[in-house]
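Here are a few exercises to work through with the model open beside you. Try each task yourself, then follow the solution step by step.

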Amino acid sequence: MNAADGPVLHDIHLPPPPAWWPPAPGWWLLAGICICLIIFASVHWRRRWRARRVRAAVLRELDRCIESARADPPALAANLSQFLRRMALREAPAAVAYEGERWLEFLDTRSPADEFRHGVGRVLVEAPFRPAMEYDSVALIALVRRWTRSALDSGAAHA
């Protein structure tokens with residue numbers, strides 16, 4: 001090396017570009033959060049899908065109970081009472097054994113008004129035993145539908 005020429009310099013070598021694998025810790029964290037959100041959303045969606053299927057099946061069963069005895073008021077009242085007892089099995093299995101006023105009281109505790117004890121719902125305990133009883137079947141059907149929807153909604157909240 002000649003002092004007049006100065007020191008011999010070599011070219012600058014740049015480091016290699018960063019590799020795409022393994023990712024930085026922030027990307028791992030983001031991937032973990034995304035996976036957790038996808039799992040949570042799919043579980044939530046599946047529960048809602050199942051609840052909608054159950055709700056539709058229960059309402060179809062109610063429609064079948066109504067259609068099978070629409071022309072016979074005592075049979076309609078008996079069918080609706082049996083349907084309500086099957087619905088009660090979901091929340092309070094002991095309620096299925098209730099009779100008379102206790103059964104109507106149970107139904108009223110799960111409805112916004114006392115329509116079973118003091119309204120058209122009273123025929124659920126009277127009509128099956130009176131072959132010639134007349135009552136407002138449309139109002140009874142509407143009451144049972146409201147009660148069923150309310151029970152299904154509260155059941156969905158508990159599930």
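**Exercise 1.** Find the salt bridge partner of D114 and say how far apart the closest N and O atoms are.

*Solution.* Start with the rule: a salt bridge is a side-chain nitrogen of Lys or Arg within 4 Å of a carboxyl oxygen of Asp or Glu. D114 pairs with R117, and their closest N and O atoms are 3.4 Å apart. Next, look at exposure, where buried means under 20% relative accessible area, exposed over 50%, and partly exposed in between (1.4 Å probe, protein chains only). D114 is partly exposed at 36%, and R117 is partly exposed too, at 25%.

A word on the model: it is predicted, so local features need pLDDT of at least 70 and side-chain atom pairs count only at pLDDT 80 or more, while totals for chains, interfaces and linings use all residues. Residues are numbered from 1 along each chain as its sequence is written, and side-chain values use heavy atoms, leaving out hydrogens and water.

**Exercise 2.** Which parts does the salt bridge between E61 and R86 tie together?

*Solution.* First, check the distance: the closest N and O atoms of E61 and R86 are 3.2 Å apart. Then place the partners, using helices as DSSP runs (H or I, at least four residues) numbered from the N terminus. E61 is in helix 1 and R86 in helix 2, so the pair links parts 25 residues apart in sequence. Both are partly exposed, E61 at 27% and R86 at 39%. In total, the structure holds 12 salt bridges.

**Exercise 3.** Name the residues with the most contacts inside the largest nonpolar core.

*Solution.* A nonpolar core is a set of buried Ala, Val, Leu, Ile, Met, Phe, Trp, Tyr and Cys residues joined through side-chain atoms within 4.5 Å. The largest one has 33 residues, and L80, L84 and L107 have the most contacts inside it. Helices 1 (25-68), 2 (73-91), 3 (100-109), 4 (123-126) and 5 (137-158) each supply at least two of its residues.

**Exercise 4.** Is the peptide bond from W21 to P22 cis or trans?

*Solution.* The bond from W21 to P22 is cis, with omega near 0°. To find it, look in the segment before helix 1, where W21 sits and P22 is found.
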